[in-house]
Amino acid sequence: MSEFKVGDIITGKVAGIQGYGAFVALDDKTQGLVHISEIHHGFVKDVHDFLEVGQEVKVKILEINSETNKISLSIRATEEAPAKTKQESKRPQQQQQMSSGPDEGFNTLRDKLQEWVDKADK
């Protein structure tokens, strides 16, 4: 493992996939783990949506634990972050909708309330 160091960007092969991430072979003797949170910018529900066994991937070494002989890897650290995620673009729109009028979202409820009161009185 001494040939690898933190910050190195290398090409490896996906050797195995688990629900929590993917094991990537860096050479014939060395494997590291790409945690599910380090596979892609944004939410990853299923690793299989992004990777398959045998696929070559570019990874960055995030951490080497010499005591446990474990290497933490990242695929997303080798990719440029997207300008805006869907979630970021939704937030301003939601705020805009809420600020467009104090009673706007409750018009249907106000209209129905009188109908319900009338039915209850009968």
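Let's start inside the sheet: Lys60 of strand E4 stands opposite Ser74 in E5, and Ile9 also stands opposite Lys60 in E4. This is a predicted model, in which local features need pLDDT of at least 70, side-chain atom pairs count only at pLDDT 80 or more, and totals for chains, interfaces and linings use all residues. Residues are numbered from 1 along each chain as its sequence is written, and side-chain values use heavy atoms, with hydrogens and water left out.

Strand E1 (residues 9-18) pairs with E4 in the antiparallel sense over five bridges. E4 and E5 also run antiparallel, joined by five bridges. Strands count as paired if DSSP finds at least two bridges between them.

Now to the turn. Asn69 sits in the loop between strand E4 (56-65) and strand E5 (70-74). The hairpin of E4 and E5 has four residues between the strands, and there Asn69 takes a positive phi near 60°. Most residues other than glycine have a negative phi.

Across the whole chain, there are two helices and five strands, arranged along the sequence as β-β-β-β-β-α-α. Helices (H or I, at least four residues) and strands (E, at least two) are DSSP runs, numbered from the N terminus. Of the 122 residues, 22% count as buried. Contacts, meaning heavy atoms within 4.5 Å, are 54% between residues 24 or more positions apart, among those with a separation of 6 or more. The accessible surface comes to about 9400 Å², with 49% belonging to carbon and sulfur atoms; areas come from the Shrake-Rupley method with a 1.4 Å probe, and for residues only the protein chains shown count as cover.

What aromatic pair do Tyr20 and Phe23 form? The count comes to one aromatic pair. Tyr20 and Phe23 form it edge-to-face, at 6.3 Å centre to centre and 90° between the planes. Rings of Phe, Tyr and Trp (its six-membered ring) pair if their centres lie within 6.5 Å, with planes under 30 degrees apart counted as stacked, over 60 as edge-to-face and the rest as tilted.

Here is how some of these side chains meet the solvent probe, where buried means under 20% relative accessible area, exposed over 50% and partly exposed in between (1.4 Å probe, protein chains only).

| Residue | Class | Relative accessible area |
|---|---|---|
| Asn69 | exposed | 52% |
| Leu113 | partly exposed | 48% |
| Tyr20 | partly exposed | 41% |
| Phe23 | partly exposed | 28% |

Finally, Leu113 lies in helix H2 (residues 107-121).
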